[in-house]
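Have the sequence and the 3D view ready.

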Amino acid sequence: MTIETSVVLAPASRAIQLIGSDLTEKSLKLHLDGLTGVDAVGLQARAADLATRSIKTTSKVWALDTIIKLIDLTTLEGSDTPGKVRSLVAKAMNPDPSDPTTPRVAAVCVYGDMVGDAVAALGSAHAAGGSTGINVAAVATAFPSGRSSLAIKLADTSDAVQAGADEIDMVIDRGAFLSGRYGLVFDQIVAVKEACRREDGTYAHLKVILETGELNTYDNVRRASWLAILAGGDFIKTSTGKVQPAATLPVTLLMLQVVNDWYRLTGEKIGVKPAGGIRSSKDAIRYLVTVAETVGEEWLQPHLFRFGASSLLNDVLLQRQKITTGHYSGPDYVTID
Amino acid sequence: MSFLEYAPAPESKSILHLKKKYGLFINGEFVDGHGTPFTTISPADESPIAGIAYANEADVDTAVAAARRAYEKTWSRMSGADRGKYLFRIARLVQERARELSVAESLDNGKPIKESRDVDVPLVAAWFFYYAGWADKLDHAGYGPAPRALGVAAQVIPWNFPLLMLAWKIAPALAAGNTVVLKPAETTPLSALIFAEILQQADLPAGVVNIITGAGDTGAALVNHPDVNKVAFTGSTAVGRAIAKSTAGTGKKITLELGGKAANIVFDDAPMDQAIEGIVNGIFFNQGHVCCAGSRLLVQENVHDEVIDRLKQRLSTLRMGDPLDKNTDIGAINSKAQLDRIRALSKVGEEEGAQRWSADCEIPAKGFWFAPTIFTNVETSHRIAREEIFGPVLSVLTFRTPAEAIAKANNTPYGLSAGIWSDKGSRILGVADRLKAGVVWANTFNRFDPASPFGGYKESGYGREGGRHGLGAYLDTGWHPSLTAAATPLSDALEAGSAKKPRRASVAKKGASK
């Protein structure tokens, strides 16, 4: 394809810092295409190796609590109602009624029109940008397909922010990415980031969903991760959960490696959120290990790592109960939501 | 607390049913040796594990006689399909007792349990399964219409992969119809003796495999025994050279797998994160006790600093400690003697002006330990760039062009293996073609498969193990004792050879498999 060299991209400080002030589609493309490749076999082998770590006793106790603290408890259904959202929020605030020492989850994640209900249900438990409490995350930008005009994506975003969303989970335009229009994807992320701006000048946190299941190759995931970071994303997120495969350990490892590269380059810490398909504690612990051994333990905090999950929480609670009581209970000993 | 200080997750030793002392496994039974018994210890804490018999010359004689008898009376008369049945049975028993074998291996050798569990023991089973399949197909292996077994094979194996090297030796020997006398290394006899119990369990006819323990003189007596037809040795080049000398002209067929100083070549377009993993796996797998270890890192100069930086970051996440802990990445050095050698050569490296960096590992008070170490600013003339260290020590050199990389990679007396890291397929193939190494790995390292032949150039030895080629090392494929460069003139030898073997008139092919 021909590259429109004259198209000057929206200013994003990270991209300017790395690529230079003459930021164009061409310079961006040159940078992304110049990244070294990913060897799929080697990446998968490393992920499989990390998955063999044996996390026992005190380490397991710590890991289970940490997983809960890192969960974005999610409901993203066409059938969501205010009642369902209230129920989800109640679970987020008090995950295990039989054990008050159970930590709270990091956030609840809902569609944009449910943000108001979530905020109301949280009441004083709503973090609202504070360091304690539970955040409200909203999916936006014509989630999950992202197939709509920029104007609608921006309106979608600012609606959610005005309704009180602390975090915005946007999707990238995979069609544009796959056809090589990196500049378009970049500009959209920059614009959505701007739409995350609140009246007081602060920003809602922006998670950029790459939908790795549609990008298909690890090389693409790597490029898209760089693109999302350069355009100003606070988090890079694997998937919407609506496309298979969703989060996998190798993809998450790869995204963590990009985050590590960015940190080595700039000292800035970018968050990572695998979402979709992580259902068991055992699986989630493998992600914790991968984070700790790739970017460091510091990343195991809600502002740098999240699990996008719905059923994971209950499995963690069952494991937690097992450790406390010494025996396994069953699915009726945890609440459905 | 720190999550990365994972709570201990030790594999239990209760699965082991060790005897206080072990005899020699001769003619299907454990018998006392006539040398002075010794004790095998755990290199992780120097604690004694079991008493081990020491075979003297008389014991070697008994073992070879048992193997000869089993060859004449049983094994050479058995059909290939029946031999295959025994090999399949052994493979399945290895799988059944995998956990026990893994624990024994890590205890005696010092290697981390995750390696003995995920690499060594699964490969042992794979080797027996693979060669079991060949046992009834020898006529179709490409060695003529009816290749024959050689007779009694004398096999001497090293301590770095005790059970895996045993499988590399015994599986093809039995599949081809030979009987075996095997001597495990002095410091790591344990898993071979448990394997002997597996042979009893498998009802393998008595004498087909004999396992004798001892030290260097036991091995020497074995390979020099006059009634041995085949010698297979894996170990140091110095010992290999001595064996080649002492067996020259005896008519024994011989394969040697010796040392190495493999180049692991990283080009600037390499998939960087995977290349770092490959470098780590290349030299720190099994504490670097690997003859094909990627001990010379050749990095393209323009990415040198980045590679070293990333490598150091990665190495600082390696976990050294109890070999039986499931989270241990780096175990113990196998013996005091080996530790001394690694220390001495590392000291030489410093004196030669190379820059040393070691990972910040806590060294346990007891046992033999050496932290993962890299030397930068290494020049081709340095001893640490030329001599095999056989430990967790990496020498880093740089190159500017592919031609220089190839020249430097080949500039070694060894030639066992090499690695290439590049995203460009044509470069990988082009460079691989010009590397004088028996195995070349591309974008991976230290991967083994029973179907793949393995062996070296130059001082790394001769002959191939693994695959169809490894089978040929245990078959009479037209080569004959009287065709060697012994005292008889070549013309006489040819006559004698063709008189004895009218069905095939072939010329001396010793070493042709190279």
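How many bridges join strand β13 of chain B to strand β16 of chain B? The count is five, and the two strands, residues 296-300 and 393-399, run parallel. One pairing to look up is B:L298, whose bridge partner in β16(B) is B:L397. (Helices, H or I with at least four residues, and strands, E with at least two, are DSSP runs numbered from the N terminus; two strands pair if DSSP finds at least two bridges between them.)

Before going on, a word on what you're looking at. This is a predicted model, where local features need pLDDT of at least 70 and side-chain atom pairs count only at pLDDT 80 or more, while totals for chains, interfaces and linings use all residues. Residues are numbered from 1 along each chain as its sequence is written, with chains lettered from A and ligands numbered from 1 in the order in which they are written.

Now zoom out from that pair. Both strands sit in an open, mixed sheet of seven, ordered β14-β15-β16-β13-β12-β17-β18 in chain B. At the edges, β14 (355-358) and β18 (439-442) of chain B each pair on one side only.

Next, the meeting of the chains: 24 residues of chain A are in contact with 23 residues of chain B, contact being C-beta atoms, placed from the backbone, within 7 Å. On the chain A side, α4(A) gives the largest share, five residues.

How confident is the predictor? Chain B averages a pLDDT of 93, on a per-residue confidence scale from 0 to 100. Over residues 485-514 of chain B, though, pLDDT stays under 50. Where pLDDT is low, the predicted coordinates should not be read in detail.

Key:
Two residues are in contact if their C-beta atoms, placed from the backbone, lie within 7 Å. pLDDT is the predictor's confidence in each residue, from 0 to 100.
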